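Biologist: I'm new to this one and would like to learn how to read it. Could you put it up and take me through it?

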Amino acid sequence: MRVLNLHALSLALRPVVTAGDEVTLLVTKAAALVMNEVRHRARFEQRDEGAPPVHVDEGGLVQLLVGVLLNAAQAIPAGSEAGNEIRVVTRSQDGQAALEV
């Protein structure tokens with residue numbers, strides 16, 4: 001399980017800042033881009049447990065999430081989707097947005 005501090009990440013991804021992006025929407029965009037790879041290896045579950053909006057470079061965060069999701073999918077042998085799951089949970093942690101894969 002990996003938890004990313006989105007505030008620290010947003011500081012690193014400053015070039016194009018958009019106001020108030022919903023973390024769950026960005027996860028949905030990234031998941032859509034990698035779903036063909038994921039569905040042959042695992043079930044995908046996305047849960048929103050109340051993550052606050054963030055100020056972040058949307059493209060940069062989506063690109064990061066695509067990489068993490070692809071890495072997770074490619075670590076699972078193809079053809080075993082029924083017994084595996086990739087779960088992304090977005091939530092609030094200490095007043096900041098947190099993302100768990």
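Biologist: Which residues touch the most other members in the largest nonpolar core?

Modeller: A nonpolar core is a set of buried Ala, Val, Leu, Ile, Met, Phe, Trp, Tyr and Cys residues joined through side-chain atoms within 4.5 Å. Buried means under 20% relative accessible area, exposed over 50%, and partly exposed in between, using a 1.4 Å probe and protein chains only. In soluble globular proteins, nonpolar side chains tend to be buried together. Here the largest core has 22 residues, and Val23, Val27, Ala30, Leu65, Leu69, Ile86 and Leu99 touch the most other members. Two or more residues each come from helix 2, strand 4 (54–56), helix 3 (58–74), strand 5 (85–93) and strand 6 (96–100). Helix 2 gives the largest share of this core, seven residues.

Biologist: Before we go on, what kind of model is this?

Modeller: It's a predicted model, so local features need pLDDT of at least 70 and side-chain atom pairs count only at pLDDT 80 or more, while totals for chains, interfaces and linings use all residues. Residues are numbered from 1 along each chain as its sequence is written, and side-chain values use heavy atoms, with hydrogens and water left out. The pLDDT is the predictor's confidence in each residue, from 0 to 100. The protein averages 83, and 79% of the residues score at least 70. Over residues 15–20 the pLDDT is below 50, and this stretch has 15 contacts in the model beyond near neighbours in sequence. By contact I mean heavy atoms within 4.5 Å.

Biologist: How many helices and strands are there?

Modeller: Helices (H or I, at least four residues) and strands (E, at least two) are DSSP runs, numbered from the N terminus. This protein has three helices and six strands. From the N terminus on, they run β-α-β-α-β-β-α-β-β.

Biologist: Back to helix 2, then. Where does helix 2 bend?

Modeller: You get a bend at a residue from the angle between axes fitted to the seven residues ending there and the seven starting there. Helix 2, residues 23–38, bends by about 45° at Ala32.

Biologist: Which residues of helix 2 are buried?

Modeller: An α-helix has 3.6 residues a turn, so residues three or four places apart point the same way. In helix 2 the buried ones are Val23, Thr24, Leu26, Val27, Ala30, Ala31, Val34 and Val38. Ala30, Ala31 and Val34 are among the residues that Leu69 touches, not counting residues up to four places away in sequence; Phe44, Ile86, Val88 and Val101 complete that list.

Biologist: Why does Thr24 count as buried?

Modeller: Thr24 is buried because its relative accessible area is 16%. Leaving aside neighbours within four places in sequence, Thr24 is in contact with Gln46, Asp48 and Thr90.

Biologist: How do strand 3 and strand 5 pair, parallel or antiparallel?

Modeller: Two strands pair if DSSP finds at least two bridges between them. Strand 3 (residues 43–49) and strand 5 pair in the parallel sense over seven bridges. Asp48 stands opposite Thr90 in strand 5, and Thr24 contacts both of those residues.

Biologist: And how many bridges join strand 5 to strand 6?

Modeller: Five, and these two strands run antiparallel. Arg91 stands opposite Ala98, while Ser92 has Ala97 as its bridge partner. The two strands form a hairpin with two residues between them, and Asp94 in the turn has a positive phi of about 55°.

Biologist: Why is strand 6 largely enclosed by the rest of the structure?

Modeller: Four of its five residues are buried, so strand 6 is largely enclosed. Compare Glu49 in strand 3: at 44% relative accessibility, Glu49 is partly exposed. Setting aside neighbours within four places in sequence, Glu49 contacts Val89, Thr90, Arg91 and Ser92.

Biologist: What does His40 contact, leaving aside neighbours within four places in sequence?

Modeller: His40 is in contact with Ala78, Gly79, Ser80 and Glu81. His40 sits in the loop between helix 2 and strand 3. His40 and Ala78 are 38 residues apart in sequence and 5.6 Å apart in space, C-alpha to C-alpha. For the protein, among contacts between residues at least 6 apart in sequence, 84% join residues at least 24 apart.
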